[in-house]
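Subject: Handover of a structure and notes on its contents

Dear colleague,

Please find below the structure that I am handing over to you, together with its sequence. My notes on what was found follow directly after it.

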Amino acid sequence: MKKTSVTALLLALSLSALTGCTSEKKETVSSPVSPAGSGTAESKTNSSNHSPNPAANSTTEGKTNSNEGALKSPADSGEANSATDPDTSKDAQHVVAQPESIAVLVNKQFVLPESYEPSDLVYPNTRFIFKEKVEKRKLRKEAAEALEQMFKGAEKDGVYLAGVSAYRSYTTQKSLFNNYVKQDGEKKARTYSAVPGTSEHETGLAIDVSGTNGKCAATDCFAGTREAGWLAEHAPEYGFIIRYPKGKESITGYKYEPWHIRYVGKKAAAQIAQKGITLEEYSRAIPVSK
Ligand SMILES: [Zn+2]
């Protein structure tokens, strides 16, 4: 290889590292929420030019990284571990075309457009484990209202819930991720921090929840608490699902996270809970597992 092309390659690689991008293929498809989006994620991996939905081509911006995890700091995020091997570069990335859909699927394979910012973010009138009116207190309006109802419902059962971390903008995620890359290098950063566009918190439809004392907030010891039990049993009645259920790590890409709930609407939540499936399966991004 000529020296100039080596230099160009090195430059391209370093730029990639700075932007959190890789040379993985990117493809724009609609969120596989509609029946038209059925088929496995694997089957879509190499279907480069045809989208299952014409609307899918409306979004052209691409995020190209795989691999979510969450943030390093429990104060900012919760989810600290990715259940899968950090090297998921074999996974193709798809940019969701309808990021504003309430049932949008966002994971390591289906990423939000870089420019997406929910237009209806509000501060839910509920407790949080912190006082400040900051970004991570926000949720999209419909999810915020459902959260208010759910917290009230829990109180009737003597369970007092509090928000830990909700919305996180792409910009915030990118800044956090880039800081981790500077600190530990991209490969390691990817094992514990979500690549921008791949965190469900960026939808404004997900929130980490704990008890009011914040004990075990977004950590494994939340499992088995009264609050976790209440959420597992009742969250779907309010349109929320436990997004990363136990035993579904290979599907969601995450270990069990009893504290991370995702608003999908009552109808979808009821079906997901009743069938014991994941949002991936409900969205038909992958076949239902037995
Ligand atoms: Zn979370």
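Strand β8 (residues 240–244) and strand β9 run antiparallel and are joined by four bridges. Two strands are said to pair if DSSP finds at least two bridges between them. Strands here are DSSP runs of E with at least two residues, helices are runs of H or I with at least four residues, and both are numbered from the N terminus. Within β9, E257 stands opposite Y244. Strand β7 (residues 206–211) also pairs with β9 in the antiparallel sense, over three bridges, and A206 has R262 in β9 as its bridge partner. Strand β9 itself (residues 257–263) is mostly covered, since seven of its seven residues are buried. A residue counts as buried if 20 or more other C-beta atoms lie within 10 Å of its own, as exposed if 12 or fewer do, and as partly exposed in between, with C-beta atoms placed from the backbone.

Please note that this is a predicted model, in which local features need a pLDDT of at least 70 and side-chain atom pairs count only at pLDDT 80 or more, while totals for chains, interfaces and linings use all residues. Residues are numbered from 1 along each chain as its sequence is written. The pLDDT is the predictor's confidence in each residue, from 0 to 100. The protein chain averages a pLDDT of 76, and 67% of the residues score at least 70. Over residues 1–90, however, the pLDDT is below 50, although this stretch has 185 contacts in the model beyond near neighbours in sequence. Two residues are in contact if their C-beta atoms, placed from the backbone, lie within 7 Å.

The protein chain has nine helices and nine strands, and 46% of its 290 residues are buried.

The largest nonpolar core has 50 residues, and F240, I241 and I261 have the most contacts inside it. Helix α3 (residues 141–156) contributes the largest share of this core, seven residues. A second, separate core of seven residues includes Y180, V181, A194 and V195. Such a core is a set of buried Ala, Val, Leu, Ile, Met, Phe, Trp, Tyr and Cys residues joined through C-beta atoms within 7 Å. Leaving aside residues up to four places away in sequence, F240 touches several residues, including A146, M150 and I261.

Which residues of α3 are buried? They are A143, A144, A146, L147, M150, F151 and A154. Seen down the axis of α3, these buried residues fall within an arc of 160°, so they line one face of the helix. The arc is that of the directions from the helix axis to the C-beta atoms. On the other side of α3, K152, E155 and K156 are exposed. After α3 comes G158, whose phi is positive, near 75°.

Finally, E117 lies in the loop between β3 (110–111) and β4 (121–122). The C-alpha atoms of E117 and E202, 85 residues apart along the chain, are separated by 7.9 Å.

Yours sincerely
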